[in-house]
Amino acid sequence: MSSDALARLADERVDHRFKGLPPDADGLRVGELAAQRRNLFTDGFATPVLALSAERLQHNLRLMETYAARHGLAFAPHGKTSMAPQLFQRQIEHGAWGITLAVPHQVRVARAYGIQRVFLANELVDPAALRWIADRQDADPDFRVICYVDSVRGVELMDAALAGATRPLDVVVELAAGDGARTGVRTDAECAAVADAVAAVRTLRLIGVAGYEGEVPQATHERVTAWLRRLVALAAEFDKAGRFAGLDEIVVSAGGSAWFDAVAEVFAEIPGLSAPVLKLLRSGAYVSHDDGHYRRLTPFNRVPEEGALEPAFRLWAQVVSRPTPEQAFLNAGKRDAAYDLDLPVAQVVRRDGEERPAAGIEVTGLSDQHAWLRTGPEAALEVGDWVGLGLSHPCTSFDKWPLIPVAEADGTVVDYIRTFF
């Protein structure tokens, strides 16, 4: 990581670009504001404001570091979740091999902050982006990008764009998760054709196979495990055919946030190949976890003896209207809260420094700038109360907040996370 680039984030000025921050902090540097250790609830933060739990964030980082090490997995967490170089740094500090990304812009962000290893979980055929990556790889022998390929046509386009590159771009054949799934090669014959196309050009180097088990249709543990075994078998077939000759390392990669236990199970079965195997896991949502979709799907529900992730996000909003005893409105909506998988969940209510469970309060809908609440008789909700909301889907929570306070359990804000979407 580039310590100078990260340090410059602390020099950025606080102003109108960053919602939820105290208005009287305008003009301060982010580092200066963090040094003040203001309290989220009493020192001028304006609702709505999204906060990350300092303790839960650290817990999640440690848990996945331990999990990957226990199962002999290298870890390249998907950076699209947060697009936060400060979190990339912490993930690297907690043992990550590198960072997974999806599109060229994200690679540029990662490179600007010194990430040296990028796994690009997509076939990249944009010539300008390919030339940019080639130039950076040629200039820095320690910078490495691994990219999907899933078509002969893609290989041809990549080869044309990389014609002037000194170093070949490392690629892995992406195996589709099944009929009707997302990207990837569908049949063994097509996998071989793509591998042959790579072997025929000097601009690319085939180093392994990969895919995303989260796209397995009607996923169950049995279906996911069967697909992962097919991925492993493809690696073995390629190796037997001499497609990895001369490599120091063969890459086999999978792993979203819902089935990494199956990935660990099957990758433990990878047979001896002609070179050591980098078993690369790519789960990303763990860093903040959530209070909905991933809380239900996390593999730790199936293997509780290995620990549990903790939801680290809480969106604080304020009651701005209480038109009837059965209805209330908060000043946070689609601009502030993830809503693509589940609606936010009311968790706690704060009034006059006291916090209590949000009993009898349900979020029933979101407008652009309002949350619709249904309230029962036990809600005892008043205009001006702060309501803490749990969110579902980290990827569409981070992207709404360019600067996110990191708060300790008592509300003390100890850091600010800058995102780049």
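**Exercise 1. Strand E17 and its partners**

Task: For strand E17 (residues 403–407), determine how many of its residues are buried, and find which strands it pairs with.

Solution. Step 1: Strand E17, residues 403–407 of this predicted model, is mostly covered, with five of its five residues buried.

Step 1: Sort the residues by face. In a regular strand the side chains alternate between the two faces of the sheet. On one side of E17 are Leu 403, Pro 405 and Ala 407, on the other Ile 404 and Val 406, and both faces are covered.

Step 2: List the pairings. Strand E1 (residues 49–53) runs parallel to E17 and is joined to it by two bridges; Ser 53 has Ala 407 as its bridge partner. Strand E18 (residues 413–418) pairs with E17 in the antiparallel sense over five bridges, and here Ala 407 stands opposite Val 413.

Step 3: Check the turn. Five residues lie between the strands of the E17–E18 hairpin, and Gly 411 has a positive phi near 95 degrees there.

**Exercise 2. The surroundings of Arg 418**

Task: Is Arg 418 buried or exposed, and which side chain does it join in a polar contact?

Solution. Step 1: Arg 418 is located in strand E18. Its relative accessibility is 13%, so it counts as buried under the 20% cut-off.

Step 1: The side chain of Arg 418 makes a polar contact of 2.9 Å with that of Glu 12.

Step 2: Beyond four places in sequence, the contacts of Arg 418 include Leu 9, Phe 18, Met 83, Pro 85, Gln 86 and Leu 403. Pro 85 and Gln 86 are among the buried residues of helix H4 (residues 85–93), along with Leu 87, Phe 88 and Gln 91.

Step 3: The buried residues of H4 pack against E18, and also against helix H1 (3–10), helix H3 (54–70), E3, helix H5 (104–112) and helix H12 (395–398).

**Exercise 3. The open sheet**

Task: In the open sheet of eight strands, which strands stand at the edges, and what does helix H7 touch?

Solution. Step 1: Write the order of the eight strands, E2-E9-E8-E7-E6-E5-E4-E3, with parallel pairing.

Step 1: Strand E2 (74–75) and strand E3 (99–101) have a single partner strand each, so one side of each lacks a neighbour in the sheet; these are the edges.

Step 2: Ile 99 has Val 118 of E4 as its bridge partner.

Step 3: Helix H7 (residues 152–161) packs on the sheet and touches E4, strand E5 (144–149), strand E6 (169–174) and strand E7 (204–210). The direction of H7 makes about 145 degrees with that of E5.

**Exercise 4. Cores and cysteines**

Task: Which residues touch the most other members of the largest nonpolar core, and how many disulfides does the structure hold?

Solution. Step 1: The largest nonpolar core has 129 residues, and Leu 169 and Phe 267 touch the most other members. Helix H9 (residues 221–240) gives the most to this core, eight residues.

Step 1: Beyond four places in sequence, Leu 169 is in contact with Leu 130, Ile 133, Val 145, Cys 147 and Met 158, among others.

Step 2: The number of disulfides is zero. For Cys 147, the closest cysteine sulfur is that of Cys 191 at 16 Å, which is too far for a bond. Cys 395 is in no disulfide either; the nearest cysteine sulfur, that of Cys 147, is 20 Å away.

Step 3: Cys 147 is buried at 0% relative accessibility, and Cys 395 is buried at 12%.

**Exercise 5. Backbone exceptions**

Solution. Step 1: Most residues other than glycine have a negative phi, and most peptide bonds are trans.

Step 1: Met 83, with phi about 45 degrees, is in the loop between E2 and H4 and is buried at 0% relative accessibility.

Step 2: His 393, with phi about 85 degrees, is in the loop between strand E16 (386–390) and H12. His 393 counts as buried at 13% relative accessibility.

Step 3: The cis peptide bond is between Thr 47 and Pro 48, with omega about -5 degrees. Pro 48 belongs to the loop between helix H2 (30–35) and E1.

Conventions: Residues are numbered from 1 along each chain as its sequence is written. This is a predicted model: local features need pLDDT of at least 70, side-chain atom pairs count only at pLDDT 80 or more; totals for chains, interfaces and linings use all residues. Side-chain values use heavy atoms; hydrogens and water are left out. Two strands pair if DSSP finds at least two bridges between them. Helices (H or I, at least four residues) and strands (E, at least two) are DSSP runs, numbered from the N terminus. Contact means heavy atoms within 4.5 Å. Axes are lines fitted to C-alpha atoms, for helices over the stretch in contact, and angles run from 0 to 180 degrees between N-to-C directions. Buried means under 20% relative accessible area, exposed over 50%, partly exposed in between (1.4 Å probe, protein chains only). A nonpolar core is a set of buried Ala, Val, Leu, Ile, Met, Phe, Trp, Tyr and Cys residues joined through side-chain atoms within 4.5 Å. A disulfide is a pair of cysteine sulfur atoms within 2.5 Å. A polar contact is a pair of N or O atoms within 3.5 Å; within protein, one must be able to donate a hydrogen and the other to accept it, and residues adjacent in sequence count only if both atoms are side-chain atoms.
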